[in-house]
Structures are given as structure tokens and as C-alpha cells.
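I opened my notebook to look up this protein's fold. My entries follow in the order I made them.

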Amino acid sequence: MHCFPVYEFHDINAENFANIADFLKKSSINKKWNLMIIPFNEGVQPSVLKAFGERLLEWKREGHNLYLHGYRHKAEPILKRSLLGRLALRLTNCESEFAGLSKEDSKMLLTNALLEWQKLNVGEPQGFVPPAWYGSKMLFYLCKDLGFENYNSRFIVWNKDKGSRISVPFSTAGLPRFTIPIVNLCEKIYLKLYKIFNFLPMPRIVRHPMEGSKCPH
Ligand SMILES: [Zn+2]
């Protein structure tokens, strides 16, 4: 079965959602995006929170999917982590908030994230993606138990009905500036190859708010 490339827009929150509205409008004519929402909204004005929720609902009605993308997208320094988890924090500027956590702490963060999500009034999240894709098998099973229908790690896209599929994400987040054109070129070439050889791992086109104005292929 042929799978189309997946389009993911990461790190959308109450502060930046207005900036990406134009981009989504332009690029959503023939593409539906999985929108990765950071739900943490402490200190956000109630009117802004309301506008954020309304905008998300609008995007949902247009056919985009709303995914829960962590809790704060910033690691809580007091939580205990494995050695690999601490290394992941260094590599991701502390964004990989689920890296190396115990089951209890992972569950606590997920619960907090879902509580924040509910304040948005946009229905249930359609999937979960841990920040910087640093999760674990344990986190995947926790999400499955909580009823999430989709879960993505860096190289796997999972759906409740369709199962798992290997995937290659193309993202320039956190990369040195000089490598960005190289990644973009690889993305273009891979998309062309995938059209012919659709048995290849499914491409995932990833965008972040800072690069929102760059049009996807
Ligand atoms: Zn993220």
C-alpha cells in the first residue's frame, strides 16, 4: 500500500500560533499537517488561550491533526533521569523532557500535559509525539494505554489500526546553518525517489515555527 509523505509542524503554542497561520493557509491547499501542540499555558492570558483553542479547532475542521507534543517541551531539572536521558538533555538543549524518566514520572508528565490540553477545549489529541522525539518503549505503551491512536518516535510512525511504519524525518531544527541547504536538498531528492520507490521508508517533512515561511515541497 502506498503511503504519502507525512507533514509535521512542531512546537506550536499559545505564543506562536498566530505567526504560522499564514503558512498553514498557503500550504494546506493540498496538504494536511500533523500539528504538534505544546499545551503548557501557565501565564497565558485567558483571552489568548481562548483564541489559541479556537484557532486549533479551525485547523482541525480544515483537516489537520492535533497532536499532543509533551507538556512544557522543557525538561524539569529536579526529575531523576538515566545517564542516557541526561545525555539527551545535553544534545537537545533540555527540550527532550521525557528522556530517561521513570515510568511514574513519565506518567505524571503525561497527566499534566493532558490536563493542560483540556483547557484548550479542542477535543482529544489525535496522537502523541515526545519533544525532540526522545521517548521510549515504556512511554509508547503508556500512551497506548491512555488511548492515543498515533505515536511517533524519530524513525517510527505508529497508528492504532495501521501498525508501525519506518519513517525518515527531514528536519533542520538545531542544525548548524550551513547544513540546512544540504538537508533541504536531500529532502527534495528523497521525495522524488519516494514517488518512484514507495517501498522506501516513508518521508516525514518537519517544520518548526522559526522556519514556517519556507514552503514545503
Ligand atoms: Zn518539539
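**Entry 1: ground rules.** I took helices (H or I, at least four residues) and strands (E, at least two) as DSSP runs, numbered from the N terminus. I was working on a predicted model, where local features need pLDDT of at least 70, side-chain atom pairs count only at pLDDT 80 or more, and totals for chains, interfaces and linings use all residues. Residues are numbered from 1 along each chain as its sequence is written.

**Entry 2: the whole protein.** I found six helices and eight strands. I read their order from the N terminus as β-α-β-α-β-α-α-β-α-β-β-β-α-β. I looked up the box filled by the C-alpha atoms, and along the principal axes it is roughly 45 × 40 × 40 Å.

Next I checked the radius of gyration, which is taken over C-alpha atoms; the globule rule is 2.2 Å times the number of residues to the power 0.38. For 217 residues a compact globule would be near 17 Å, and the protein has 17 Å, which agrees.

I then looked up burial. A residue is buried if 20 or more other C-beta atoms lie within 10 Å of its own, exposed if 12 or fewer, and partly exposed in between; the C-beta atoms are placed from the backbone. Buried residues make up 35% of the 217 residues.

I also looked up contacts. Two residues are in contact if their C-beta atoms, placed from the backbone, lie within 7 Å. Of the contacts with a separation of 6 or more, 69% are between residues 24 or more positions apart.

**Entry 3: helix α5.** Which residues of α5 are buried? In this helix, residues 137-145, I noted Leu139, Leu142 and Cys143. Seen down the axis of α5, the buried residues fall within an arc of 95°, so they line one face of the helix. The arc is that of the directions from the helix axis to the C-beta atoms. The face turned away from the buried side carries the exposed residues Lys137, Tyr141 and Asp145. The buried residues of α5 pack against α4 (103-118), β4 (127-128) and β5 (150-152). After α5 comes Gly147, and I noted its positive phi, near 95°.

**Entry 4: helix α6.** I looked at α6, residues 180-196, for contrast. Its 17 residues reach 25 Å from first C-alpha to last, close to the 24 Å expected at 1.5 Å a residue. The expected span is 1.5 Å times one less than the number of residues. Of the 17 residues of α6, the number buried is one, so the helix lies largely in the open.

Entry 5: I counted two strands as paired if DSSP finds at least two bridges between them. β5 and β6 (residues 156-159) run antiparallel and are joined by three bridges. A hairpin of three residues links β5 to β6. Asn150 has Asn159 of β6 as its bridge partner. β6 also pairs with β7 (residues 163-170), in the antiparallel sense, over four bridges. Here too I found a hairpin, with three residues between β6 and β7. In β7, the bridge partner of Asn159 is Gly163.

**Entry 6: Val157 and Val6.** Val157 is in β6. With 24 C-beta neighbours inside 10 Å, Val157 counts as buried. Its contacts beyond four places in sequence include Val6, Ser167 and Met202. The C-alpha atoms of Val157 and Ser167 are 6.5 Å apart, and the two residues are ten apart along the chain.

Val6 is in strand β1. Val6 has 20 C-beta neighbours inside 10 Å, so it counts as buried. Val6 and Ser167 are 161 residues apart in sequence, and their C-alpha atoms are 9.1 Å apart in space.

**Entry 7: positive phi.** Most residues other than glycine have a negative phi. Asp11 has a positive phi of about 60°. Asp11 is found in β1 (residues 6-12). Is Asp11 buried or exposed? Asp11 is buried, with 21 other C-beta atoms within 10 Å. Asn93 has a positive phi too, near 55°. Asn93 lies in the loop between α3 (83-91) and α4. With 11 C-beta neighbours inside 10 Å, Asn93 counts as exposed.
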